[in-house]
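I opened this entry to record what I looked up, going from the whole chain down to single residues.

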Amino acid sequence: VEYRGNANNSNFNALQISAQRYFRRGLSLAVNYMWSHSIDDGSIGGGGADFPQFLTCRACERASSDQDVRHAFTADSVYELPYGRSKSHLSEPGLGRALLGGWQLSSIGSARTGLPVNVTVDRSSSDLIDGYATSQRPNVVPGVSLTPSGGPSPGGWINPAVFAIPAKGTWGNAGRNLARASRLWQMDLSLSRNIELGETARLQFRAEAFNIFNRAQYGAPLADISAPSNFGRITSLANNGPTGSGTPRQVQFALRLAF
């Protein structure tokens with residue numbers, strides 16, 4: 001009999017720091033930083049939840065949440081060129097104002113630490129006292145680093161020598177979500193121009209580039225020690241969708257008429 005309910009425990013603590021500065025000559029800057037720790041004994045997602053390793057010990061599942069991001073940083077800036085109507089230069093109609101007026105350059109930089117990764121092992125029901133073989137975790141070998149000797153890489157993000165299969169009739173002592181995926185960072189740029197069309201209409205052109213340096217944004221590594229040939233390998237991107245952060249470099253253009 002499977003039972004699901006809103007019975008999990010969680011807490012979230014954070015330190016948030018923000019700074020903003022607006023300059024007189026069309027430049028504005030903003031910086032945000034958050035240190036946080038999200039802890040629970042079963043993260044909810046996709047309409048379901050994490051299954052416990054040991055059904056009668058929910059406290060044994062207490063660990064960093066699936067969505068725990070320990071450090072997050074963003075910085076953004078906006079610069080309006082000082083040319084055009086009501087600006088300090090080329091405010092009168094003319095060729096210079098027509099070419100240089102209304103331009104704006106924006107940028108957003110973001111970085112965060114990696115999300116937790118839960119290391120698991122496939123086990124037979126006959127190996128366990130209660131016969132419940134879902135979401136089983138391995139044993140941890142003392143004194144062995146989680147990081148491979150040559151450093152983490154997409155081909156080997158977690159050191160497999162850290163883990164061992166538990167003895168029959170016992171549960172693994174590895175904590176839930178004890179590993180971490182790759183950290184992410186990217187820079188986005190935007191160049192736009194507002195063109196006044198009379199007194200009541202305005203045309204805006206935008207050119208936007210996301211992840212402009214085309215940094216590889218890796219997803220979580222495979223973490224089932226029962227598949228040793230794939231364990232620790234990263235085979236996916238952080239974001240496989242067409243939009244949002246964590247994608248390969250994207251460039252888009254837009255034209256917007258406001259009236």
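I began with burial: 29% of the 259 residues of the protein count as buried. The model is predicted, and I read every value below with that in mind.

Overall form came next. I find 1 helix and 14 strands in the secondary structure. The radius of gyration is 26 Å, well over the 18 Å from the globule rule for 259 residues, so the protein is more spread out than a compact globule. Along the principal axes, I get a box of roughly 85 × 40 × 30 Å for the C-alpha atoms.

I then checked contacts with a separation of 6 or more, and 67% of them in the protein join residues 24 or more positions apart.

Which residues touch the most other members of the largest nonpolar core? I list Val 117, Val 119, Ile 158, Phe 163, Ile 225 and Phe 231, out of 13 residues in that core. I followed up Val 119. Leaving aside neighbours within four places in sequence, its contacts include the core members Phe 163, Ile 225 and Phe 231. Gln 136, Arg 137, Pro 138, Leu 178, Ala 179 and Ala 223 are also in contact with Val 119.

Is Ser 192 buried or exposed? I put Ser 192 down as buried because its relative accessible area is 2%, under the 20% cut-off. Not counting residues up to four places away in sequence, Ser 192 touches Gly 102, Trp 103, Gln 104, Phe 205 and Arg 206.

Note on methods:
Residues numbered from 1 in each chain as written. Predicted model: local features only at pLDDT ≥ 70, side-chain atom pairs only at ≥ 80, totals over all residues. Heavy atoms only, no water. Helix = DSSP H or I, 4+ residues; strand = E, 2+ residues; numbered from the N terminus. Rg over C-alpha atoms; globule rule 2.2 N^0.38 Å. Buried < 20%, exposed > 50% of the residue type's maximum accessible area, 1.4 Å probe, protein only. Contact = heavy atoms within 4.5 Å. Core = buried A, V, L, I, M, F, W, Y, C linked by side-chain atoms within 4.5 Å.
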